[in-house]
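Me: I would like to learn how to read an aromatic pair in a model. Please take it step by step.

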Amino acid sequence: MKKTGKRQLRGEALERQIEAAIRELATEAKRAGKSFTYNASKVAEQVPTTRKTLRAHDDLVERVLADLDARRRMVDGNATVEHLREQNARLKEQIEERDKTILALRSHFANIFERLHTNSIEAAHLIRPIVEAESANAGHCILCGGEAPTSSRQGNVVPLRERK
């Protein structure tokens, strides 16, 4: 094995290097628009040290991760479970947002119909002249068969209600 002449880091110098490597990886992830997940192999490469040494400094790693609000990369079955939990949480948030949007649209839809109703005229004003004209032509009421009604209006213009 070839010696490089460089001494292995120990103590505070090693801890400073570990913290700096973790923070640098977190910054790179943030710049890339990704969330940072601690990966011991990547940190070990950057320090340089071994994963075993990193495990010996686990309290430092945990403190830095807590400060960064980051998590560890999981390599066991829990990773899948954790991923599914995160995905479930994201889907629940999307459903809540969708439900808020639907509620807002329903309110808007009801408002549209309320305005249409408020600003419209009664259907009888539209239908009465037609029924009266058809009944007069038929000689009897086309609705009930009785005597033909006489028109109480002079024209087909229907007065609109005043807006408030």
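Me: Is Phe113 buried, partly exposed or exposed?

Reply: Buried means under 20% relative accessible area, exposed over 50%, and partly exposed in between (1.4 Å probe, protein chains only). Phe113 has 46% relative accessibility, so Phe113 counts as partly exposed. This is a predicted model: local features need pLDDT of at least 70, side-chain atom pairs count only at pLDDT 80 or more, and totals for chains, interfaces and linings use all residues. Residues are numbered from 1 along each chain as its sequence is written, and side-chain values use heavy atoms, with hydrogens and water left out.

Me: How many aromatic pairs does a search of the whole structure find?

Reply: A pair of aromatic rings is described by the distance of the centres and the angle of the planes. Rings of Phe, Tyr and Trp (its six-membered ring) pair if their centres lie within 6.5 Å; planes under 30 degrees apart count as stacked, over 60 as edge-to-face and the rest as tilted. The search finds one pair. The ring centres of Phe109 and Phe113 are 4.8 Å apart with planes at 75°, so the pair is edge-to-face.

Me: What separates Phe109 and Phe113 along helix 5?

Reply: Phe109 and Phe113 are four residues apart, about one helical turn. Phe109 is exposed, at 53% relative accessible area.

Conventions: Helix = DSSP H or I, 4+ residues; strand = E, 2+ residues; numbered from the N terminus.
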